[in-house]
Amino acid sequence: MARTPGRLSSAATSGHILELIRSGAATSRSEIARVTGLSRPSVALRVTELIGSGLVTEGTGAVSSGGRPPTLLEFNAGSGLILTSALGMARSQAAVCDLNGDVLVRTPGSPDMEKGPDATLPWLLDVWSEQLASLGRGPADVRGVGIGLPGTVEFHAGRADDRPFLGKWAGVALAPLVAERFPVPVTVDNDVNVMALGEHIAGGHGHPDDMVFVKASTGIGAGLLSGGRLLRGSLGAAGEIGHIPVRDGGGLPCRCGNTDCLEAVAGGRRLLELAAERGRRADTLKDLVALAVGGDPVAVTLVREAGRRLGEALAGAVNLLNPEVIVLGGDLSEAYDHLVAGVREVVFQQCTALATRQLRVVASSLWDDAGVRGCAAMVTEEILSPESVNKLLAG
């Protein structure tokens with residue numbers, strides 16, 4: 001989603017005008033002139049440049065106040081493609097999106113993340129190539145790549161920095177590896193951050209500017225938005241809610257090196273262990289979730305208790321950040337009724353009345369599309385910024 005710019009000075013560039021058109025703030029030459037203060041010839045020059053690049057198309061359709069109807073200017077989302085991927089420890093998604101971030105084709109897969117980029121990237125690059133071919137497009141149509149990784153990411157460096165969890169990924173810059181097949185800008189972030197961004201921009205929750213997105217699956221993490229902006233923290237480690245210790249964990253060791261972390265006590269691996277101990281066979285977390293959705297009492301109890309544990313960690317976030325919405329995503333959230341019952345029980349008990357007065361706890365509306373939509377938004381923010389567009393047009 002494009003930002004809605006305020007009034008621009010007469011120094012407005014073609015990139016700024018594209019931003020006006022994308023946001024819907026100005027969709028005709030006369031509106032652009034009024035908003036920017038540019039002369040008609042200057043507007044015409046910039047618009048012609050954008051049309052020539054393929055980024056903007058024109059047509060009629062606006063209501064006329066008399067005389068010839070004005071020409072409408074529209075952003076051409078089909079003028080380029082974005083390759084996106086939300087990589088996960090248990091399941092991954094690869095997709096091709098248009099420049100609006102709409103998913104054109106999506107493919108699930110299960111590459112072995114623990115074997116590192118050498119095992120995962122060939123799968124990803126091949127899937128992208130197959131997807132492009134299925135759309136009748138090619139590498140020349142690709143404008144950018146966005147990847148979400150299940151671990152701490154140095155966002156500005158474009159690499160993982162999470163040695164206990166993704167040892168073979170740590171310190172590996174992905175852009176040069178992707179560029180061998182697709183020589184375009186590559187943006188990398190934490191998987192939960194991109195899911196949060198996807199829900200914020202494309203989810204059905206009213207585009208809340210203050211939101212906590214939770215991915216509850218094999219691992220547990222959170223993406224935080226405040227004032228409409230992602231909070232990544234100084235080293236990219238914001239949102240590690242899965243590594244907040246919870247009470248009465250029984251001394252369970254966590255993969256991070258501590259004990260009784262939320263993820264160790266209520267993450268997917270632990271829930272499967274507990275299910276087996278109580279006589280329920282579930283090979284995957286999705287199997288356990290299916291049992292809970294079907295009303296199996298053991299599975300329902302495990303999911304609801306996991307919700308209470310999650311609520312214990314979220315209560316601190318609610319009191320600290322005062323979000324408008326908590327969005328529950330990940331495999332465990334597919335048993336939403338049971339999970340949310342536990343979350344609400346603890347959050348509304350432990351948080352201040354003011355912090356919870358308007359708080360909503362909702363299910364993800366995008367599910368598997370959240371990560372790839374967020375990756376697309378992350379890429380378009382970079383490649384369609386006024387500065388990047390001006391550079392493209394100058395080249």
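First, the ground rules. Residues are numbered from 1 along each chain as its sequence is written, and side-chain values use heavy atoms, with hydrogens and water left out. As this is a predicted model, local features need pLDDT of at least 70 and side-chain atom pairs count only at pLDDT 80 or more, while totals for chains, interfaces and linings use all residues.

Let me start with the second largest pocket. A pocket here is an open set of points on a 1 Å grid over the protein atoms alone, where a 1.4 Å probe fits, with protein on both sides within 12 Å along at least five of seven lines. The space in the second largest pocket is about 670 Å³. That volume is the space filled by probe spheres set on the points, which are joined across faces, edges and corners.

What lines the second largest pocket? There are 42 lining residues, each with an atom within 4 Å of a point. Gly-88, Pro-150, Asp-191, Lys-215 and Ser-217 lie nearest the centre. By class, the lining has 17 polar, 13 nonpolar and 12 charged residues. Nonpolar covers Ala, Val, Leu, Ile, Met, Phe, Trp, Tyr, Cys and Pro; charged covers Asp, Glu, Lys and Arg; the others, Gly among them, are polar. Strand E4 (92–98), helix H6 (191–202), strand E10 (211–216) and strand E11 (220–226) each supply at least two lining residues. Helices (H or I, at least four residues) and strands (E, at least two) are DSSP runs, numbered from the N terminus.

H6 also holds His-200. His-200 is buried, at 11% relative accessible area. Buried means under 20%, exposed over 50%, partly exposed in between, with a 1.4 Å probe and protein chains only. Beyond its neighbours within four places in sequence, His-200 is in contact (heavy atoms within 4.5 Å) with His-207, Pro-208, Asp-209, Met-211, Leu-225 and Gly-228.

Next, the sheet. Which order do the strands take? The sheet is open, with 5 strands in the order E12-E11-E10-E13-E14 and mixed pairing. E12 (229–230) and E14 (360–363) stand at the edges with a single partner strand each, so one side of each has no neighbour in the sheet. Pairing needs at least two DSSP bridges between two strands. E10 and E13 pair in the parallel sense over 5 bridges. Phe-213 has Val-327 in E13 as its bridge partner.

Helix H1 (residues 14–23) has 7 of its 10 residues buried, so the rest of the structure largely encloses it. Among them are Ser-14, Ile-17, Glu-19 and Ile-21. Just after H1, Gly-24 has a positive phi of about 85 degrees.

Most residues other than glycine have a negative phi. Asp-260 has a positive phi of about 60 degrees and is not a glycine. Asp-260 lies in the loop between E12 and H7 and counts as buried at 15% relative accessibility. Asn-322, in the loop between H10 and E13, has a positive phi near 50 degrees. Is Asn-322 buried or partly exposed? Asn-322 is partly exposed, at 43%.
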